Amino acid sequence: MLKPVTTILFWLACALLLGSCAINPVTGKQDFVLMSEDAELDMGRKTAPEILREFGYYDDAALQAYVQRVGAELAAHSHRTNLVYRFTVLDSTDVNAFALPGGYIYITRGLLAYLNSEAQLAAVLGHEIGHVTARHSVQQQSAAQAADIGFALGSILLPGLDNPGAQQLFGTLGTALLAGYGREHELEADRLGAEYMARSGYSPHEIIAVIGVLKDQDTFSKQLAAEEQREPRSYHGLFATHPDNDTRLQQVVASAQALQRPGATRVNQHEFLNALKGLTFGDSEREGVRRGNQFYHKDLGFALSFPVGWRVENRPDSLIATAPQGDGLLNVSSDDINKRVAPEEFLRTRLKLVKLQNGEAFTHHGIQGYTALGHTRTPYGQRLARFTVLYFATRAYIFAGASKDERDATRYDADFIASARSFHALTPEERPLATALHLDLLRSGPATRFAKLARESRIPHHAEEQLRLLNQYYPEGEPAPGTLLKIVR
């Protein structure tokens, strides 16, 4: 139970904000919001370019047009048909989909690869349209602002609350409020997505199938995390909060099915699978390709090695290698060389590393470099870290490595230096290794088995599990003859 003074302040904040209400386009009732529709659209418009910079636009005009067509048809049956909806495939391996205010909806190629029909795609896009039509992002932001305003009012009217305990209490209230919104919003987005699917001729039951896809992904993700001794990654929330036998979700699907036209059960599996043919699977050539502990970048023309057993993340702006126990990190990034200065001077002036220790200039594989120890802020806190800068073509490649244990700051020093010294120009023999993997299609025969397909696949690890996930046969089962399967070449 809230303490009396907290209750008073909370309701005082709410009372002062009661004028900030708007009609919800879905329910027709008033919602507590602190943002006009024009501001909502402006937010989406300004954030959309940042999303493309962060994730990248997947360069396949036919696939982009296909996803836009499916999404636009669903949106035409939504509660906000006045919006111009934009559906975009992002060049990301993440298994994700999300929406910005105002109708900007994104799905990653990482998620697309694991869907198996147009109806499943419609389930994902319909759910995200539901978030937009119900203005969920606006409501969440309003809830966060209300919590902040409540604390600010309390600090002014009752100065005794301006202390860490009160801050923590209001932070807890705000977090609880937002968490409650999130759970209800996901179910409402499911309900709306199911309705838009039914009105567009798809079976809302495909929502349950997509939940199964995501649950299998979650199981596999946990398996990988356990093998690599790290925390698993979780999907952002789409369907993930619901078990596939969730009673409320089953009711949502059943209610939406009543809206279906008789005989309207669009699946369009073959059209969807053919649209995915050639889809990049795993790393893209634009961002460079991982092969075990090796990394190859065709466009930039280089290759390098990481310590064996380290987990390597390929991010748009850097490579991050993590030691098996999570107690060491190596970050590799690059920057333009705009001025002809020695690599040592680059570390001092560009990276602001003034107090370098044990510095050494070197030339390796014909590449000029400099390595030294320097203090910097790391994910582990302030640490003595190993820095190496290499000049290659017109860019400086910066290696920054740190150990979690500040008492053993140079524990992985030899690994950091070895990785930097492995950097070299891509050789003709290595160029095929810098080529991305792509989805292809195969019609199964009487003897087709996933174990055999895995042995023939270019997938570098857990090939059988990934092929099963791609075709929704995880963790067991074999395809019937004549089944159209996704494979990786």
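In this predicted model, helix α8 (residues 206-228) passes helix α14 (residues 463-471) in a left-handed crossing; a crossing is called left-handed if the near helix is turned anticlockwise from the far one by less than a right angle, and right-handed if clockwise. Helices here are DSSP runs of H or I with at least four residues, strands are runs of E with at least two, and both are numbered from the N terminus. The model is a prediction, in which local features need pLDDT of at least 70 and side-chain atom pairs count only at pLDDT 80 or more, while totals for chains, interfaces and linings use all residues. Residues are numbered from 1 along each chain as its sequence is written, and side-chain values use heavy atoms, with hydrogens and water left out.

Two packed helices are described by the angle between their axes and the distance between the axes. For α8 and α14 the angle is about 165° and the axes lie 11 Å apart. Axes are lines fitted to C-alpha atoms, for helices over the stretch in contact, and angles run from 0 to 180 degrees between N-to-C directions. The two helices are therefore roughly antiparallel to each other; angles over 145 degrees count as roughly antiparallel, under 35 as roughly parallel, 65 to 115 as roughly perpendicular, and the rest as oblique. On the α8 side, Asp216, Gln217, Phe220 and Gln223 make the contact, and on the α14 side Glu465, Gln466 and Leu469 do, where contact means heavy atoms within 4.5 Å. These residues divide into two nonpolar, three polar and two charged. In this grouping, Ala, Val, Leu, Ile, Met, Phe, Trp, Tyr, Cys and Pro count as nonpolar, Asp, Glu, Lys and Arg as charged, and the others, Gly among them, as polar.

Helix α8 also packs against helix α5 (residues 118-133). Here the angle is about 85° and the axes are 9 Å apart, so α5 and α8 are roughly perpendicular to each other. Ala119, Gln120, Ala123 and Val124 of α5 meet Glu206, Ile207, Ala209, Val210 and Val213 of α8. By class, this contact has seven nonpolar, one polar and one charged residues.

Next comes the packing of α5 with helix α3 (residues 61-75), at an angle of about 55° and with axes 9 Å apart. These two helices are therefore oblique to each other, and α3 passes α5 in a right-handed crossing. From α3, the residues Tyr66, Val67, Arg69, Val70, Gly71, Leu74 and Ala75 meet Glu118, Leu121, Ala122, Leu125, Gly126 and Ile129 of α5. Nine of the contact residues are nonpolar, two polar and two charged.

Pro204 sits in the loop between α7 (164-199) and α8. With a relative accessible area of 0%, Pro204 is buried; buried means under 20% relative accessible area, exposed over 50%, and partly exposed in between, using a 1.4 Å probe and protein chains only. Neighbours within four places in sequence aside, Pro204 is in contact with Ala194, Met197, Ala198, Val253, Ala256, Gln257 and Gln260. The C-alpha atoms of Pro204 and Ala122 are separated by 9.2 Å, although the two residues are 82 residues apart along the chain.

Turning to the sheets, three strands form an open sheet in the order β3-β5-β4, with mixed pairing. Two strands pair if DSSP finds at least two bridges between them. At the edges stand β3 and β4 (97-100), each pairing on one side only. Neighbouring strands of this sheet are turned by 20° against each other on average, direction ignored. Five bridges join β3 to strand β5 (residues 104-108) in the parallel sense, and Val89 stands opposite Ile107 in β5. Helix α2 (residues 37-55) packs on the sheet, touching β3, β4 and β5, and its direction makes about 150° with that of β4. Thr88 has its place in β3 (residues 86-90) and counts as buried at 13% relative accessibility.

A second open sheet has four strands in the order β7-β8-β9-β17, paired antiparallel. Its edge strands, β7 (289-291) and β17 (424-425), have a single partner strand each, so one side of each is left without a neighbour in the sheet. Three bridges join β7 to β8 (residues 294-297), with Tyr296 in β8 as the bridge partner of Val289. Helix α12 (residues 413-422) lies across β9 (302-305) and β17, running at about 155° to β9.
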